[in-house]
Amino acid sequence: MRVLVTGVEGYIGVLLAPILMGRGHDVVGLDTGFYRDGWLFSDSQRMPIFPPLISKDLRKVTENDLEGFDAVVHLAELSNDPLGQNNPENTFDINYRGSVELARKAKKRGVKRFVYTSSCSVYGVGNGDFLSEASKTNPQTAYANCKVLVEEGVSRLADSEFSPTFLRNATAYGPSPRMRFDIVLNNLSGLAWTTRKIAMTSDGTPWRPLVHVLDICQAIACAVEAPRESVHNEIFNVGHNQDNYSVKEIAHIVKETFPGCEVTMGRSGGDNRSYRASFAKIREKLPGFKCQWDARKGAEHLREVFERIDMPSETFEFRAFTRLKQLEFLIKTKQIDQQFFWK
Ligand SMILES: NC(=O)c1ccc[n+]([C@@H]2O[C@H](COP(=O)([O-])OP(=O)(O)OC[C@H]3O[C@@H](n4cnc5c(N)ncnc54)[C@H](O)[C@@H]3O)[C@@H](O)[C@H]2O)c1
């Protein structure tokens, strides 16, 4: 299939494009390149091999850009809660309006499949039950609110010619050349490697479902390739039931993976986000999908990469590996304007 991957230069996209190409798809990428300054590592599977790139802001995509694609995989958004909370207008503009407009233009140009990377953060605050795709959403942040709005807006476009699929990913972990150290397991592993100390401010009780970044890539590839009737206008939580951890358990896994690391817990914090997700549907209904990883293997995978590149603290703290820091730097240095357009 001819597939457009937006956000192709990000944490997930940079791994996804070569995987789709390896499965025989003709891939074109689109990205505005906010995090181009960062490249953590290369290896035989993750050499910097890029598909042809449309270097463009999502908000400036035209219908012509979307001509001739069988599928769009849409990743290009401001990708986390702190970014969204600090920039609610830009988040609304890019994540909500930009995403729904992209789907509308894609449909108009005859694109048949639209795979959207939503998030389990739409569940926000749960009561400890395993929340399924049919459970009520309860978004707590601008980022999560936009995810719900995009799902609703794009779902309304579904018809016999246009099949959107909504993948509600758990929080990702695992090494990627376009690393993110602002997501929980990557962050704690980086701290353990560079300081041998994890001082949690929270009591660690909130639940967080996790999923390896390569399992997200696999889910996306399976959704692109699945028979239409399996994925048409369907929502799937992406992860594995056993990968619902309390933050305390995540810290414990990291402590065991990085010998000599100390962990101390704080008192309950201000973060009320806590949810457990059920991943039964994706296991049963998405052809070919099976999670290959868990958090313990993921932490070991991170440690192997840190050892191989002998990662110094400056690399762990480098702005491009923390999404909010990099955007603040681009604004401060007047490279992007207040609306996040390049100057
Ligand atoms: N990583 C996770 O834990 C996770 C979990 C659930 C959902 N998701 C979703 O998956 C998608 C990708 O996540 P990621 O972790 O790879 O994020 P990322 O921040 O690493 O990558 C996003 C990419 O999109 C690009 N982008 C952002 N705004 C753009 C715009 N206006 N125009 C063009 N390009 C733009 C950025 O330059 C970046 O390369 C996001 O939609 C995110 O919300 C991620």
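Let me start at tyrosine 11: a polar backbone atom there sits 2.8 Å from an oxygen atom of the ligand. That is a polar contact, meaning a pair of N or O atoms within 3.5 Å. A caveat on the source: this is a predicted model, where local features need pLDDT of at least 70, side-chain atom pairs count only at pLDDT 80 or more, and totals for chains, interfaces and linings use all residues. Residues are numbered from 1 along each chain as its sequence is written, and side-chain values use heavy atoms, with hydrogens and water left out.

Two more contacts. Serine 79 has a side-chain N or O atom 2.6 Å from an oxygen atom of the ligand. For aspartate 57, a side-chain N or O atom lies 3.2 Å from a ligand nitrogen.

How much of the ligand does the protein bury? On its own, the ligand exposes 830 Å², and 99% of that is buried by the protein. Those areas are Shrake-Rupley, with a 1.4 Å probe.

Now the shell. The ligand is surrounded by 29 residues, counted when a heavy atom lies within 4 Å of it. Asp31, Leu58, Ser79, Tyr143 and Arg180 are the closest. By class, I get 11 nonpolar, 10 polar and 8 charged. Nonpolar here is Ala, Val, Leu, Ile, Met, Phe, Trp, Tyr, Cys and Pro; charged is Asp, Glu, Lys and Arg; the others, Gly among them, are polar.

Which elements give two or more residues to that shell? Strand S5 (113–119), helix H4 (142–155) and strand S8 (171–173). These are DSSP runs numbered from the N terminus: helices are H or I with at least four residues, strands are E with at least two. S5 gives the largest share, 3 residues.

Follow S8 into its sheet. Three strands form an open, mixed sheet, ordered S8-S10-S12. Strands pair if DSSP finds at least two bridges between them. S8 and S12 are the edges, each with a single partner strand, so one side of each has no neighbour in the sheet. The twist averages 50 degrees from one strand to the next. Axes for that are lines fitted to C-alpha atoms, with angles from 0 to 180 degrees between N-to-C directions.

Next, S10, residues 207–212. 5 of its 6 residues are buried, that is, under 20% relative accessible area (1.4 Å probe, protein chains only). S8 and S10 run parallel, joined by 3 bridges. Valine 211 in S10 stands opposite alanine 172. S10 and S12 (residues 244–246) run antiparallel, also with 3 bridges. There, arginine 208 has tyrosine 245 of S12 as its bridge partner.

Terms used
Polar contact = N/O pair within 3.5 Å; in protein donor to acceptor, adjacent residues only side chain to side chain. Buried < 20%, exposed > 50% of the residue type's maximum accessible area, 1.4 Å probe, protein only.
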